[in-house]
Amino acid sequence: MNIDEFMQQLSSSKGVSNISKIRKNTVKLDLTKEESLDFFVSIKSEFEHCSLISAIDNQPDFELVYHFSCMNQSIVVDDSNCAVMLEAHIYLKREAPSVDSIANIWFGADWHEREAFDLMGIYFIGHPDLRRVLLPEGFAGHPLRKDYVYEIHEEEW
Amino acid sequence: MSSKKVRGNPNLRRGVGSKTTDSDKIMEDPPAGDWLALRSDQLLEWIDNSVYNVAEFTGMREVVDRITRPIFNFAQRLSPHPLHFGIMCCAIEMGQASAPDHDIDRLGLVYRSSPRQCDVLIVNGPVCEKLRPKLKTLYEQMPEPKWVIAMGECAISGGPYWDSYSVVAGADTFMPVDVYIPGCPVRPEALMHGFLTLQKKIRAKEPGMFLRR
């Protein structure tokens, strides 16, 4: 399947908007939070690798960016054999930043989601083991949020 | 010599008539003096104290200390075994220090991988909150006598991460540090100078080891 045909196919699926091609091999789209899980299940057959999940604090809202790679040549760019990437953006409200977990679809997303939970405080519903991964247990707050205030452990010199 | 003179343990004599149960006797303080009535650990402690007291009050401890101190000190000073433990980029410099260019083995350093076999703990990087209990455990696993070297800015004060949410501001906030080596990262020559400084410190400050309390 060519990448342009793939974009045509994506535009008919639910919850998808603003499809664009930001690079020769990269498709960018916006997702709604409710239809995200169905969409991710539908693209699992082409995109076998979840490259990364990033969380952005846009103040006041959060933004999740998923990157998926297709390396099995089921989607091709014209006549080259480079891998196709899909970049999905999900916008979340600040009050209850939660989204469906994809850790059961791509196992590699497990620690990505734990890291986003640890540092940005986004809750992934259905995650098998949502614990902190980088900070110690019992740490208060999520330090990469823009409104996080840390009391500096500064001694008086 | 009066026949009324009390010999033996006054604690035991006092305990004869009182209404103590067996469980109370187990938990009570050891009877002073009567070493046949002691539990095994109390007996060891009693022997320890007796030997120490005899050596201390006859002056033998000082004599033996003066004789053995240069020997023990020589051995400790010239073979500090550091723990092979790296946190961040200063660990690369630590590896370079033992490479052929700066052959730190000629100072007697042998890197050991077990804290039970080590004298020196080199803290070479920022200690984050998650690492701190582990590093404390490593320090406590090392046998006495032991020394700690804070290598680089991060171990001294937190360095560029001093106001971070997860980095401890200096290794000396939770363990005693003997030698501070500034630098970011520390050059291998500076690490060698740090070990020479530690040798001077051991030579000057380390007391005798015989029956040390």
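The model is a predicted one.

**Chain A**

Chain A contains three helices and seven strands, arranged along the sequence in the pattern α-β-β-α-β-β-β-β-α-β. Its C-alpha trace spans about 65 × 30 × 25 Å along the principal axes.

Five strands of chain A form an open sheet in the order 1-2-5-4-3, with mixed pairing. Strand 1 (16-23) and strand 3 of chain A are the edge strands, each pairing on one side only. From one strand to the next, the twist of this sheet averages 20°.

Within the sheet, strand 3 and strand 4 of chain A are joined by eight bridges and pair in the antiparallel sense. One residue pair that can be located there is Ile56(A), whose bridge partner in strand 4 of chain A is Glu63(A). Two helices of chain A contact strands of the sheet. Helix 2 (residues 36-43) of chain A packs on the sheet and touches strand 1, strand 2, strand 4 and strand 5 of chain A; the direction of this helix makes about 170° with that of strand 5 of chain A. Helix 1 (residues 3-11) of chain A lies across strand 1, strand 2 (26-31) and strand 5 (84-92) of chain A, and runs at about 165° to strand 1 of chain A.

**The sheet of chain B**

In chain B, an open sheet of three strands has the order 1-2-3, and its pairing is parallel. The edge strands, each of which pairs on one side only, are strand 1 (120-123) and strand 3 (179-181) of chain B. The twist averages 20° from one strand to the next. Strand 1 of chain B runs parallel to strand 2 (residues 147-151) of chain B, and four bridges join them. Ile122(B) has Ile149(B) as its bridge partner in strand 2 of chain B.

**Contact between the chains**

The size of an interface is often given as the accessible area lost when the parts come together. Chain A and chain B bury about 900 Å² between them, and 67% of that area is on carbon and sulfur atoms. Lys130(B), Trp162(B) and Tyr165(B) supply 63% of the area that chain B buries against chain A, more than any other three residues. The contact involves 10 residues of chain B and 14 residues of chain A.

How many salt bridges are there between chain B and chain A? The count is zero. For residue pairs in polar contact, with both residues at pLDDT 80 or more, the count between the two chains is one. On the side of chain B that touches chain A, four residues are nonpolar, three are polar and three are charged.

**Backbone features**

Most residues other than glycine have a negative phi, and most peptide bonds are trans. The table lists departures from these patterns.

| Site | Backbone value | Location |
|---|---|---|
| Glu144(B) to Pro145(B) | cis peptide bond, omega near -10° | Pro145(B): loop between helix 6 (132-141) and strand 2 of chain B |
| Cys184(B) to Pro185(B) | cis peptide bond, omega near -10° | Pro185(B): loop between strand 3 and helix 8 (188-205) of chain B |
| Gln59(A) | positive phi of about 50°, not a glycine | loop between strand 3 (49-57) and strand 4 (62-70) of chain A |

Conventions:
Residues numbered from 1 in each chain as written. Chains lettered and ligands numbered in written order. Predicted model: local features only at pLDDT ≥ 70, side-chain atom pairs only at ≥ 80, totals over all residues. Heavy atoms only, no water. Pairing = 2+ DSSP bridges. Axes fitted to C-alpha atoms, helices over the stretch in contact; angles between N-to-C directions. Contact = heavy atoms within 4.5 Å. Buried area = accessible area lost by both parts, 1.4 Å probe. Salt bridge = Lys/Arg side-chain N within 4 Å of Asp/Glu carboxyl O. Polar contact = N/O pair within 3.5 Å; in protein donor to acceptor, adjacent residues only side chain to side chain. Nonpolar A, V, L, I, M, F, W, Y, C, P; charged D, E, K, R; others polar.
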